[in-house]
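Open the model in your viewer and keep the selection panel at hand. This tour goes chain by chain, then into the cores.

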Amino acid sequence: MRVYRDDQKFLTFRINAVLWGIVAAFVFLAGSFWFVQGVQAEKYRGLSEANALREIEIPPKRGLIMDRKGKILADNQPSYMLQVDRVVMKPLLKADKQRREKLEAFLSQILQMPLPELHARWDKGAAKVNFTQPFVIAEDLSMAQVASIQAQSIAFPEVNVVPEQRRNYPYGTMAAHVLGFIGEVNDKDLKANPELEQGELIGKRGVELMYDQYLRGRGGAEYWEYDADGRRLSEYVPARKQPVPGDNVYLTLDFELQRRAEQYFIENEMVGAAVALDPRNGEVLAMVSSPAYNPNVYSKRFTPEVYKTITSNPFKIELNRAIQGLYSPGSVFKVVMSMAGLSEGVVGPDTSFGCGGSGHFFGRRFRCWKKEGHGGVDVERALKVSCDIYFYTIGGRLGVDKINEYARKLTFGEISHIDLDGERAGLVPSTKWRTENPVKTSRGADPKWYPAETISVAIGQGPLIVTPLQVANMTAAVANGGKVFKPHVVKYINRVQQDGKYKLFRVPSRVLDEIQLSPPALAAVRRGLWQVVNDQGGTGSNARVEGLNVAGKTGSVQVIAYSGWIKATSLPFKFRDHAWFASFAPADKPEIVVVVFVEHGGAGGADAAPLAKLMYEAWFRDKIAGARLDLRNPETLEQIKEGELPLPTTR
Amino acid sequence: MIFRERGPSVDWNFLGTAVVLALIGVLLVYSATYYGEPSLSTAKKQMLWVAIGIALMVAVMVVDYHVLFDIAPILYGIGIILLLYLMVFGRLTANVRSWIHIGGFQFQPSEFMKIFTALMVARFFDSNDRAYLDMRSFLMVMGIITLPVAMIIIQPDFGTAASFFPLYAVAMFFGGIRARVWIAMILLVAIALPVGWFAFLKPYQKERVMIFLNPERDPLGSGYQVTQAKIAIGSGGINGKGFRHGTQAKLEFLPARHTDFIFAVLGEEWGFIGVIIVLGLYLFLVIQALNFAKQARDRGGTFLIICLIAFIIFHVLINVSMQIGILPTTGIPLPLISYGGSSTMMFFIAIGLILNVDMRRFVNA
């Protein structure tokens, strides 16, 4: 066989052949693109605008919110909303320039909504979402409205009635400040979280806001084919993306305890707050802020008008008083003073002073709340009868900076990082604080802290302000021997996985700080607090529960300065004192802390303590079986309102 | 022959065209992912790939391609080992075991295997200067190409396996085959196909072959993609909708819009004018490379250029054709433009090797 040697000429010939073949292929491709982009461009432009296949979003189902035992506090209810589809409308608008006006007139009549408002909603809705996405123009339609619109669906194909899941809070105002509410995303939300999309409903306050990323779930999508006239043809099922429902959230709140507390505020028309904590782990068992708003009213798309009513309410219903209300702690602060005095050794457990109704400190005369005086008082008795003179003396010996040190240790003056939005820090004064915030006088700024001011702080007045939650945290630390927990309202998050199984994410208990309190000091303070409730002549006897050792401290806070001794009830409402009651039980092995605060309630013992009693009875129902209050009895409620102490009915 | 004292000189027009195509690619990736990704991470990554690609291109230009011929068997061996590794330990990504994961990055050995195999084929023809391949040489060169192809088919990544087709074509067309060998080969394929189909392929592999041949079988994939790509390209018209103004891409109608269907983004946003410019740039690359091939110093250099430019031609023609449905959809990227680390690097290496041969075309260089 002969072997032919290849030569360069032969190879070059083959290369040239290939070259021309490739040039031909490129010319063919260019021609094909010319056909698509030049000749058929109009057709494809039309298809592009009509978007032959459109993605229609399916909103996810928002997770449920439940109390610690699974009682549902927020769920979703089927409802109908009205959407306008501009893709469908476009060709119709070309044929009839007045179409939008006609449609608006039709909808205005059916929705019974003034034309200008409907027009504004249209403009706003259309501006929000992409042209290919239908926008919402009304929600929560009645069945009659749905029927009327469906009847005209041939005349107005661009209007869709779409079922949706509306957020629903079955108990209305119950735990409203903890639950919060939802609303449509705004520009600020979008900036903060690029995952969000226009028109989506997200948590705006409370747990709905703080745990939104769990509750929200993930949206799905359907793909629908549309013809050039905007008519929906069929769904492209294989592409469908199923939405992922949000996680369910279990709160630490106890439904019964929460309801008992809220009822008390409602029945007595009281303004205030109550917090119940588990001192062993920081779980919030109840958190009440009265008066409350109804989250059902706010969890809508079209709320700007209603939204104003929440912020302009004279009782500031949007305020969660338990974590945002700032008040003087009054005599409740004497617990902190005792701990500080005993720990610092400026007094011993047995040191006693004489109280004659008033005393001189730093050149000024300060009154005790009791004109007649308390006679000889040691720390236990001082707490029991809430003697001011005793604590003036300790305050004078400690000085404001030592008081500041202990108050801060016991959680005052900074936020406790509870899993709710808008918590406020309050203020604990010190000489440093005064230097930074001098008093403005006619002679200029005065950066000096005067020792006489310390005397006011010693009984929880002066610039000192705290939230009810902080008082609860402090009480919990006294109850558990010095542990400061990070309080939390969510117990665990329950995720339904794709395989249908549940997965629980527990919110861990976290100790923020552990403070060293001397055991004898702690014991003396606890004995004093027990006497407040259980001893003859204690100020908190209204919180006494048969069969249970409650320990606590009352407090009354002057709202206006008045000279001399005045009977609180003789003042008009807005000048009356605020009432505090901070407590825990059982005194020897604390399981629950209850703090009650009533704005302009008068006296802590009379107005705040009875609620604590009710809450203990609810919580320890089984332990104190046989001795309980019948809250369904209107007479009993009447008695509570009168400030009397109704006797538990025996079963 | 003219003997002139001159060192290796780079053809800057060729190099520049490749870089311009890659930069157009970065712009298109940026535009295609603009709405989905405020962080621009994909476009930034592509920029990084291009930078690495250019560095690799320069690196392979430095070493004389004859040295590469010498180490080609080693590189080829490493590639085969990596493919073996994938067969045993490969992680399934989109039903295909073709990625090796190292740290946060992943790469496809099959992309680099294209270069190594091309080097082996060119090396083979460097020492074989017969006008027609005899049976032994024919089987040898087919074996060199078929070994990696078979391993890639097992992954099963038919798109990548198919992209080795240009090597077969080069070997047969430029190597030279007699008529009876053509007939024998056609008979062999006719027998091997049904036997392989019934004896060796698993059902899911068969399904993938069927999808490759008939895209309508895959409801989520090809038919929908081509329709959307055609709408995107057609609606672009002559002038295009403008940079970043492509609605199809923005509305996420167009799948794989920064990878296999990036040419549709070009067609939509830059119109027919953009399409012609990019096709023109590719054509320039091809014509220039084939000129280099004619001028190469030796047979090995000529074959190396032909093998590498064949890859580029094949990818461009297949990818651009599938955009408007002339050919079925396959996972074949657009050279230098599609998003992707391995393919960007691979094509820059190819460009570098072509320049490498061209630089050393003078015997005394």
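What percentage of the 365 residues of chain B count as buried? The figure is 48%. Buried means that 20 or more other C-beta atoms lie within 10 Å of a residue's own, with C-beta atoms placed from the backbone; 12 or fewer means exposed, and anything in between is partly exposed.

A note before you click on. This is a predicted model, where local features need pLDDT of at least 70, side-chain atom pairs count only at pLDDT 80 or more, and totals for chains, interfaces and linings use all residues. Residues are numbered from 1 along each chain as its sequence is written, while chains are lettered from A and ligands numbered from 1 in the order in which they are written.

**Stop 1: chain B**

Select chain B. It has 14 helices and two strands. These are DSSP runs numbered from the N terminus: helices are H or I with at least four residues, strands are E with at least two. The average is 81, and 81% of the residues score at least 70. Where pLDDT is low, the predicted coordinates should not be read in detail.

**Stop 2: B:Phe347**

Now pick B:Phe347, in helix 14 (residues 341-359) of chain B. Why does B:Phe347 count as buried? Because it has 29 C-beta neighbours inside 10 Å. Leaving out residues up to four places away in sequence, B:Phe347 touches B:Ile312, B:Pro335 and B:Leu336. Touching, or contact, means C-beta atoms, placed from the backbone, within 7 Å.

**Stop 3: chain A**

Switch to chain A. Expect 24 helices and 27 strands. Of its 651 residues, 43% are buried.

**Stop 4: the cores**

Select A:Val275, A:Ala276, A:Ala286 and A:Met615. They have the most contacts inside the largest nonpolar core, which has 135 residues. Such a core is a set of buried Ala, Val, Leu, Ile, Met, Phe, Trp, Tyr and Cys residues joined through C-beta atoms within 7 Å. Next, show helix 23 (residues 604-619) of chain A, which gives this core its largest share, nine residues.

Zoom in on A:Ala276. Beyond four places in sequence, its contacts include A:Leu257, A:Ile592 and A:Met615.

Finish with a second, separate core of 110 residues. Among its members are B:Ala72, B:Ala229, B:Leu308 and B:Ile318.

Methods:
Two residues are in contact if their C-beta atoms, placed from the backbone, lie within 7 Å. pLDDT is the predictor's confidence in each residue, from 0 to 100.
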